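Have the model open alongside as you read.

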Amino acid sequence: MEVPKFYDEQKEWARALLLYDSVLKEINTKLEILNNEFKMTHQYNPIEHIISRIKSPQSIAKKIRHQGRELTVENIIKYINDVAGIRIICSFTSDIYRIADLITQQSDVKVLKIKDYIMNPKPNGYMSYHMIISIPIFLSGEVVETKAEIQIRTIAMDFWASLEHKMYYKFEGNAPENIRKELKECADIVTYLDHKMLSLNEQIKNYKREYQGEEETDIVTETSVLLKDSYGTVVDEDNLTKTTVNASKMLEVQDMLSALQEKAIRDNIRKEEEVAVAKQKNQTKESKSSGARSWFQTSFFSWDKKKSQENLKNA
């Protein structure tokens, strides 16, 4: 890109262009990742296409002078927020806020300013969602927070804005009243069209859910959640080997303790059985002995009684 006219700080401007080009690459990468994720997990991509650009030197000079400022690198960096710009084109208005939220949620993104021309259209009918954000750019010796403008709009909004922009410049900003009125009516038609297409899309989704049993599926599995931390970690093979060896030793010790416990249990059971058997034998002996004494005593007394009766007869 050429250095802006009336500007001799070529080195500083070249550095600024490097940063603006880098921030566009960073944002494009983020958006591409989000879009690919949606395609995979939801079988739906909210982004139709993306356009990125660095503002032309002529446009920069015109804008800075319109603000009544001197054309310097410092003033461009401070006061022109859309030197680096990205336009995201979506299918439906609901996608606009969804994408804006996803960008805002990223930890390295700072949202500096928001202009919602969808909820609050410009008087001429222009509609779009504008965000000024900054992202850290890592250079060899420093980190520089660099800003860029993101515009998010539907296909219909982009169609109207593109035509309005061309007509605006043809009349150098002074379009006849009837032309402005016609453009405003077209903007109203675009708004109606977006609402109608969004309503139809919701009806289609409801039909699929109600009559075909289809739901928006998310193929992120439990395994994906468990593997999440592994994507950003490295396994130390040496420590893993040591850990494996230690784990094996622990298992050996546990097995040995388990074997000892089982042996002790078996010994206790055997001793209890031996004691029970011995006790039973003693009880049997005592029972036999008791029975013998009882028989002897009975026999003796019977004999003694019989003997006494014989003695009485003889006497």
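## Helix H1

The expected span here is 1.5 Å times one less than the number of residues. Helices (H or I, at least four residues) and strands (E, at least two) are DSSP runs, numbered from the N terminus. Just past H1, Gln43 has a positive phi of about 50°.

A word on the source: this is a predicted model, where local features need pLDDT of at least 70 and side-chain atom pairs count only at pLDDT 80 or more, while totals for chains, interfaces and linings use all residues. Residues are numbered from 1 along each chain as its sequence is written, and side-chain values use heavy atoms, leaving out hydrogens and water.

## The whole chain

Eight helices and five strands make up the secondary structure, in the order α-β-α-α-β-α-β-β-β-α-α-α-α. Of the 315 residues, 28% are buried (under 20% relative accessible area with a 1.4 Å probe, protein chains only).

## Helix H6

H6 covers residues 177–211, and its 35 residues should span 51 Å at 1.5 Å a residue; the end C-alpha atoms are 51 Å apart, which agrees. Which residues of H6 are buried? They are Leu183, Ala187, Val190, Asp194, Leu198 and Asn201. An α-helix has 3.6 residues a turn, so residues three or four places apart point the same way.

## The nonpolar core

A nonpolar core is a set of buried Ala, Val, Leu, Ile, Met, Phe, Trp, Tyr and Cys residues joined through side-chain atoms within 4.5 Å. The largest one has 47 residues, and Ile27, Ile88, Ile103 and Ile152 touch the most other members. H1 (residues 10–42) gives the most to this core, with nine residues.

Take Ile152: leaving aside residues up to four places away in sequence, it touches Ile88, Cys90, Ile96, Ile99, Ala100, Ser128, Tyr129 and Met131 (contact means heavy atoms within 4.5 Å).

## The largest cavity

The lining of the largest cavity includes Ile27, Ile103 and Lys30. H1 supplies the largest share of that lining, four residues.

Definitions and conventions. Buried < 20%, exposed > 50% of the residue type's maximum accessible area, 1.4 Å probe, protein only. 1 Å grid on protein atoms, 1.4 Å probe; cavity = no way out; pocket = protein on both sides within 12 Å on 5 of 7 lines; lining within 4 Å.
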